[in-house]
Amino acid sequence: MPGRDSGREKVLRAPSLRRRLVVQLLVLAAVLALVLSLAVQVGAGRASQATLDAVLGAAAQGMAEEMRAEEGGVVIDMQPATLSMLAAMGEERIFYRVDIGGLTVTGYGDLPLPGRLPTALTPVFYTVPFREAQIRVAAVARSLRVDGRAAPALVLLGQTREGQEAIAARLGLQAAALGLAVFLAAIPLALLVARSLTRPIDLLAEAVGRRGPRDLRPVRHPAPRELQPFVTALNSFIGRLRGTLSQTETFIAEAAHHIRTPLAVMRNEAELALRQSSEEDTRARLRGLIRSADDAARSAGQLLDHATVLYRADQADWAKLDLAAMTRAVAARLAPAAGMKDMDLVLTIPAVLTCEGDAVLIEAALRNILDNAIKYSPPDSVVEVSALAEGPMAVVTVADRGRGLGGTEPDRLLRRFRRGDNVGDVMGSGLGLTIVEEAAGAMGGTFRLRARQGGGACAEFCLPLA
Ligand SMILES: Nc1ncnc2c1ncn2[C@@H]1O[C@H](COP(=O)(O)OP(=O)(O)O)[C@@H](O)[C@H]1O
Ligand SMILES: [Mg+2]
């Protein structure tokens, strides 16, 4: 249907929710990964600095404790343990300076002093540039008695931190790799989250899309709270549409009904006149009139049937029914029409064949199929009616030896008011097969009409088995 397709194309496309969600989650993951790697880097740097400071401080304290005042001076005993402790920390250069009473007594006199002088043995740490390198210095103070006077002593012990910087750089790389790994792990997670979030939307769309074109029941699919307004609006729209449709169908049904009654009166009058008239000209006219009245009554009947089928298809209120019994009943009702043409209806039907559907729809469909078979068959021919279960379906087949489909594409004959080229003088409205197909479709079944081998037509009406 071109109309339907172009309607679908005109839907404005907004950016995909899922893609937007994935992008936003990934941006968030990237920021988190960056923060994480920075935190790891800074934290590890601080921790290694604290460890190295503790060792440096302990060494400076050791040196300060080894100082002894002796006759005429101070002895500084550099313990090998102190230096080996520092050597264990890597290939770093070490500088020291010992001040007593404000004078440098040994070491590098230009080693910068701390901004704030230490008290007692608690070391003060600071970083200063010295001899083309950044060095970390621990400063420890202590008080000595030299020649009976108190002399403040200050011990500075400095160390380059090249090894630590190398370790920090390596840690930085590892932290970046960790951040990257976190980000990569977030990609499938983001996809998964986006999928699970949009899943209810997909399910709802699928549930609505799966409905048949005539299914006008309200959408009862569970939808998340955010989608409720949409579902409510959709249901109210469906409700209004259903109201309009049923109004139209009621109108058709009433109109058909109101036409049929006066037509019947007209036909009766014409028949009476025909019986009383002896003039051949008038009789021929009256016969034409009766024929037209029949034709109109049949069309009105078909319209009524069609409206009923449309209405009941919307109700979608199915029950378990015995298709075998219904087929027998319809065949019995049409047997007189077949008898008038000396035709035989041969039934091959099981005792019971339970299917799911609506009695009125099935009856209308079977009546139209059989009516066609009888109508388009020559006198004295046989119409075979069979019913059987085939897979998940119950199938009623009506095969006749009539004039066949005359090469017309069967699908075209199913259209509304469409009659074949082979109809000749057989009366009809072209609505019969439309009714059959709509009834079958509404109940989840199918209908097929095809040319029969050896002449005639074969109609196949399928319904789901119960
Ligand atoms: N059993 C049949 N044999 C031959 N032609 C058929 C048969 N059933 C249907 N057709 C063709 O399909 C057309 C449509 O059928 P239908 O919708 O019942 O309309 P109508 O019977 O009122 O013409 C018919 O006009 C006829 O050409
Ligand atoms: Mg018909």
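1. Which helix gives the most to the shell around ligand 1? Helix H8 does, with three residues. The elements that give two or more residues to this shell are H8 (359-375) and H10 (432-442), where helices are DSSP runs of H or I with at least four residues, numbered from the N terminus.

2. The model is predicted, so to speak of local features requires pLDDT of at least 70 and side-chain atom pairs count only at pLDDT 80 or more, while totals for chains, interfaces and linings use all residues. Residues are numbered from 1 along each chain as its sequence is written, chains are lettered from A and ligands numbered from 1 in the order in which they are written, and side-chain values use heavy atoms, with hydrogens and water left out.

3. Ligand 1 is surrounded by 20 residues (a heavy atom within 4 Å), and the closest are Asn-372, Tyr-376, Arg-419, Ser-429 and Leu-433. By class, the shell divides into eight nonpolar, eight polar and four charged residues, with Gly counted as polar and Asp, Glu, Lys and Arg as charged.

4. Among the polar contacts (N or O pairs within 3.5 Å), an oxygen atom of ligand 1 lies 2.6 Å from a side-chain N or O atom of Arg-419, one is 2.9 Å from a side-chain N or O atom of Lys-375, and one is 3.1 Å from a polar backbone atom of Gly-432. Taken alone, ligand 1 exposes 530 Å², of which the protein buries 98% (Shrake-Rupley method, 1.4 Å probe).

5. Elsewhere, the structure holds three aromatic pairs (ring centres within 6.5 Å). One of them joins Phe-95 and Tyr-108, whose ring centres are 5.2 Å apart with planes at 75°, so the pair is edge-to-face (over 60 degrees).

Key:
Polar contact = N/O pair within 3.5 Å; in protein donor to acceptor, adjacent residues only side chain to side chain. Phe/Tyr/Trp six-rings, centres within 6.5 Å; stacked < 30°, edge-to-face > 60°.
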